Amino acid sequence: MKKLFCRENVAFAALHWMYCSAHCMVYSFIVVYLTQNGYSDFQVGLLNALIAALSMVSQPLYGYLTDTFISCRSLMILIGAIAIPVTLVIPLTVGVVPLCFAVILLLGFLTYTYNCIPEAWQIRVNKKKPYVNYPVTRVMGAVGYSLTGLVAGKLMDLWGYNVMFIGSAALLVVMIACCLCIEKVEPENKGVRREGQVQERIGFGKALILLAKNRPYMVFLISTTLYQAAYRSMLAFMPVILQDAGGTNTHVGMLVFAGAAVEAPMMFIFSRLQDRIRLKNLYAFTAVVLAVRSLALLVVHSVTGLILLKAFEAVSWGMYIPLFVVYISRIVPSKIYATSLTIGYSVTIGIGSICGNFFSGLIMEHFGAQVFAGVMSVLAVAGVAVFLIGMAGTGREETQEAGEKVSMK
């Protein structure tokens, strides 16, 4: 118990809290903010799709950089420092659509889903210090940003939308301070001399070839892309659906709180189940829960009901977050783990968000929330079907070429 509250765990918990809070303050409210300023559902869907497209470039770039050239700590400090002024500029550009799009896209390139970098960082620290506990620190982060979302929604109702930009920038400042409290871990793929031998550096092209030939990795990516298309679409349009049902920004904050409050215990539960239940069965469970949650939109139309549905959805997402990190760590070489993880994030969240947000914007605008709910539930089920069919006959969930098995306990 004493080591559970060691400096590294506390610092990583604070890091997850600050980053997730800074991220959610912008991305949980930006759809409502833009629609309140005259942007259409189609424009919002297009913007989210473009952000996802940019993240497909930035994520693998960040991953390979931290595997080969620069530490996770240095990269996060650099990105956070640039993102602070970019965040503060957004409200100054909202009246000019192309300029506003450009600034939000730049912020997306910098920060959208780069939570995979602290995750890769923590995996590396965990190899040296096994008491560094990912699920626990991630749970603390989830609890922290759930409270932040709740408070942010209330403050926006009181003082306006500028709270989201100022608050996010302030949280990024604290995030940088958290980074300075955690040890710097050098990249494993540097190609340096160790124990009298020069370790060969794996080039980016070779890394891509290795991953393309890794059947479990490729099947998992295709499957989780469908899952992400369903989940990200819900994430983007739920604030709009909630406000159409009569909700306010305070209710949007409650939506964020309900989701994060349930995510936290689900991540802890995963750490207890990962070595007792096959990961593919846990993944099937997450997709089924997401499908049921999507279908429930056909009959749930009240503000209270929508908030409860968000809590139910978090059962799926809370399990998915650590599952994604652990599963990839078990099936890829450790030298290119960050590259594998960031490519995984960029492909699944990128393509999932592009397709999901773009077509969901069209569906919401022309057919409404009922058709939207049906399509998203079909995507969630299709994702797990692809996984189960694609992995049939493969047996073990780990491959021989994978690095050290990481246990997120």
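Leaving aside its neighbours within four places in sequence, which residues is L15 in contact with? They are M76, P118, W121, M175, C178, C179 and I182. Before going further, note that this is a predicted model.

L15 also belongs to the largest nonpolar core, which has 133 residues. Along with L34, W121, L297 and L341, L15 is among the members that touch the most other members. Helix 13, residues 303-331, gives the most to this core, namely 17 residues.

Next, the aromatic rings. Over the whole structure, a search finds 20 aromatic pairs. I will show two of them.

In the pair of F220 and F324, the ring centres are 5.5 Å apart and the planes are at 35°, so this pair counts as tilted. F220 is in helix 10, residues 215-244, and F324 is in helix 13, so the pair links parts of the chain that are 104 residues apart. Both of these residues, F220 and F324, are buried.

In the pair of Y227 and Y320, the ring centres are 4.5 Å apart and the planes are at 5°, so this one is stacked. Because Y227 lies in helix 10 and Y320 in helix 13, the pair ties together parts that are 93 residues apart in sequence. Y227 and Y320 are both buried.

Now the charges. How many salt bridges does a search of the whole structure find? The search finds three.

One of them joins D67 and R124, with the closest N and O atoms 2.2 Å apart. D67 lies in helix 3, residues 41-68, and R124 in helix 6, residues 116-128, so the pair ties together parts that are 57 residues apart in sequence. On accessibility, D67 is buried, at a relative accessible area of 0%, and R124 is buried at 5%.

Another salt bridge is between R293 and E313, where the closest N and O atoms are 2.7 Å apart. Here R293 lies in helix 12, residues 279-296, and E313 in helix 13, so the pair ties together parts that are 20 residues apart in sequence.

E313 forms a salt bridge with K310 as well, and the closest N and O atoms are 2.7 Å apart. Why are E313 and K310 separated by about one helical turn? Because they are three residues apart in helix 13. Both E313 and K310 are buried, and R293 is buried too.

Leaving aside neighbours within four places in sequence, E313 is in contact with Y231, M234, L290 and R293.

Last, the surface. L150, V151 and M254 form a nonpolar patch there, with about 210 Å² of accessible area together. V151 lies in helix 7, residues 134-159. Is V151 buried or partly exposed? With a relative accessible area of 46%, V151 is partly exposed. For context, in soluble globular proteins, nonpolar side chains tend to be buried together.

That is the end of the tour.

How values were computed:
Residues are numbered from 1 along each chain as its sequence is written. This is a predicted model: local features need pLDDT of at least 70, side-chain atom pairs count only at pLDDT 80 or more; totals for chains, interfaces and linings use all residues. Side-chain values use heavy atoms; hydrogens and water are left out. A nonpolar core is a set of buried Ala, Val, Leu, Ile, Met, Phe, Trp, Tyr and Cys residues joined through side-chain atoms within 4.5 Å. Buried means under 20% relative accessible area, exposed over 50%, partly exposed in between (1.4 Å probe, protein chains only). Helices (H or I, at least four residues) and strands (E, at least two) are DSSP runs, numbered from the N terminus. Contact means heavy atoms within 4.5 Å. Rings of Phe, Tyr and Trp (its six-membered ring) pair if their centres lie within 6.5 Å; planes under 30 degrees apart count as stacked, over 60 as edge-to-face and the rest as tilted. Patches are made of residues with over 30% relative accessible area and no salt bridge: like charges are joined within 9 Å, nonpolar side chains (Val, Leu, Ile, Met, Phe, Trp, Tyr) within 5 Å. Accessible areas come from the Shrake-Rupley method with a 1.4 Å probe; for residues, only the protein chains shown count as cover. A salt bridge is a side-chain nitrogen of Lys or Arg within 4 Å of a carboxyl oxygen of Asp or Glu.
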